[in-house]
Amino acid sequence: MKNALVSAVMAVFFLGMGGVASAADITPKMQQKIDVYKKKAVEWAADAKLIEAVKQSNAKGPVTANAKWRELKETDPVVQGLVSSPTGQLLTQWMNADAKGINKIVLSGDKSHRVAFTSMPAIYIGKTKPNFDESFGGKVWQQGESKPDPSTNIDTVQISAPVKDGNKIIGVLLVSLTAANLK
C-alpha cells in the first residue's frame, strides 16, 4: 500500500512537471497552421515517386505482422530498409526541411502496411486506425486533439492524406506535426 501511494505521488509529480504530455484541444490559431500542412500533405501524396513506391509495395504486400514488428529494433535491416530507401530518404528530406514543424512521416500501402518512413512507427499494419481508414476512404484526415505520438512520445497532431494512382486510392501518407510549433 505504501509503495502504491509513493508511486501515485511520483506519477502526479512527474505529470505535473510535464514529463508526459496529455491530450490538448486544437485552438483556432493551431488549426490555421494545420490547414497549411494538410495542403502540403496532399501535394506530397501526389508525388510521382511516392505513388510508384506504393504501387511496387502493394504488388509485394506486407513483409511482417504487428506482433513481429513490435519485436524489431530501429537498427533491424527491415526497418532500416524502409528509412534508407529512396522513398524513405525523400520523406526524411521533406521532414528535415521543416524539422521544428514535422517530427515524423509515414507512407502506407493498400493493406495499411508501411512502405517508407522517417522513423519507426509503433505499428506496421495501421488498418482500423482513423489516420489510415479515413484517408484510405478518400478524406484528408486530422487528429482532433494534440497528444503524444506512440513511437516518438512527442506531443503531435497527426494528419493524413490519400495517395492516389489516377482516381484510385492506393495508400496513405501520414504526417505528425509537432504541437509546440503549432501554438
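Colleague: What does valine 175 touch in this model, not counting residues up to four places away in sequence?

Modeller: Valine 175 touches Ala41, Trp44, Ile102, Lys104, Ile105, Val157, Gln158 and Ile159, where contact means heavy atoms within 4.5 Å. This is a predicted model, in which local features need pLDDT of at least 70 and side-chain atom pairs count only at pLDDT 80 or more, while totals for chains, interfaces and linings use all residues. Residues are numbered from 1 along each chain as its sequence is written, and side-chain values use heavy atoms, with hydrogens and water left out.

Colleague: Which residues touch the most other members of the largest nonpolar core?

Modeller: They are Ile105, Leu173 and Val175, in a core of 29 residues; the term denotes a set of buried Ala, Val, Leu, Ile, Met, Phe, Trp, Tyr and Cys residues joined through side-chain atoms within 4.5 Å. Helix H2 (28-45) gives the most to this core, with six residues, helices being DSSP runs of H or I of at least four residues, numbered from the N terminus.

Colleague: Why is serine 85 called buried?

Modeller: Its relative accessibility is 19%, and buried means under 20% relative accessible area (1.4 Å probe, protein chains only), with exposed over 50% and partly exposed in between, so serine 85 counts as buried. Serine 85 is placed in the loop between helix H5 (77-84) and helix H6 (86-96), and a polar atom of its side chain lies 3.0 Å from the backbone nitrogen of glycine 88.

Colleague: What is the average pLDDT of the chain?

Modeller: The average is 88, and 88% of the residues score at least 70, pLDDT being the predictor's confidence in each residue, from 0 to 100. Over residues 1-21, however, the pLDDT is below 50.

Terms used:
Helix = DSSP H or I, 4+ residues; strand = E, 2+ residues; numbered from the N terminus. Polar contact = N/O pair within 3.5 Å; in protein donor to acceptor, adjacent residues only side chain to side chain.
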